[in-house]
Every structure is written in structure tokens, then in C-alpha cells.
Amino acid sequence: GGGTSMLGRKSWKTRFFVLDGPVLYYYESEEAHIDGKPLNAQPYVLSFCDVILDDANGIDQSKYYFTIRPCGSRGGSRPLSLEADSAATRGRWLTWLGNAQKIKAPGGL
């Protein structure tokens, strides 16, 4: 049945992500990306976000959670809670996101 995880999610869904410089978009699927239909109307501009490793908060250690938390309206519309399928995958994402945070946001974003 239903239920709620430690992060308050009833269910996790696989999404397709595109990291373009400091900007993160996410889509329902790769096909939605090809069609140009992101789920986030406002992209996450990572130079205006914190990336948080959720293990430090006492959450289930067998899961590979992390959160992208906007710092103000330019970062994105809301926190984005994510779960990787392995520690190695999460480590790669944290590296990529950390590098993206160092890139200056383009004008207009």
C-alpha cells in the first residue's frame, strides 16, 4: 500500500535530468526532453542553490538521498529531493552539481 518515506514522499518516480552549465532541468522521460517539455517551469540555477547530502540528517542510511535547495527565487521554485540508485551514482551527481554551482549564471536567469 501507500505510506510515506522519511522525506515525506509517498512514492519516488524516475526522472530524466539535463544539466546545462549551472542550470538543471528535469523531465518525466527522455522523450519529454526531446519534445522540450520540462516538469520544472522554472529551472534550478545551481549557482543559487545549496546541494545537501541527506545522510547527515539521520535518514535511512541504505538510501542515497540528496536535496537541491534554492537560496532565493533565482535558484528554483522549491527544494528538490532526489535518490540515486547507488553511492557511486550519488557521488558522481554531487561532483557534477558542485562543479555546476561554481559556474556563473547566464544573464536573465
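Analyst: The largest pocket holds about 550 Å³ of space. Here a pocket is an open set of points on a 1 Å grid over the protein atoms alone, with protein on both sides within 12 Å along at least five of seven lines; grid points are joined across faces, edges and corners, and the volume is the space filled by probe spheres set on the points, with a probe of 1.4 Å. Please keep in mind that this is a predicted model, in which local features need pLDDT of at least 70 and side-chain atom pairs count only at pLDDT 80 or more, while totals for chains, interfaces and linings use all residues. Residues are numbered from 1 along each chain as its sequence is written, and side-chain values use heavy atoms, with hydrogens and water left out.

Which residues lie nearest the centre of the largest pocket? They are Trp-12, Lys-13, Arg-15, Phe-17 and Leu-82, out of 20 residues in the lining, where a lining residue has an atom within 4 Å of a point. Strand E6 (80-84) gives the largest share of that lining, five residues, and E2, E6 and H2 each supply at least two. These names follow DSSP runs, numbered from the N terminus: helices are H or I with at least four residues, strands are E with at least two.

The whole structure has four aromatic pairs, meaning rings of Phe, Tyr and Trp (its six-membered ring) whose centres lie within 6.5 Å, with planes under 30 degrees apart called stacked, over 60 edge-to-face and the rest tilted.

E1 belongs to an open sheet of three strands in the order E1-E2-E3, with antiparallel pairing; two strands pair if DSSP finds at least two bridges between them. E1 (16-20) and E3 (44-45) are the edge strands, each with a single partner, so one side of each has no neighbour in the sheet. Strand E2 (residues 23-27) is joined to E3 by two bridges, and Val-23 has Val-45 as its bridge partner in E3.

Back on the helix side, H2 covers residues 87-101 and includes Thr-89. Thr-89 is buried, because its relative accessibility is 18%. Its side chain makes a polar contact of 3.1 Å with the side chain of Arg-92 (a pair of N or O atoms within 3.5 Å; within protein, one must be able to donate a hydrogen and the other to accept it, and residues adjacent in sequence count only if both atoms are side-chain atoms).

Terms used
Buried < 20%, exposed > 50% of the residue type's maximum accessible area, 1.4 Å probe, protein only.
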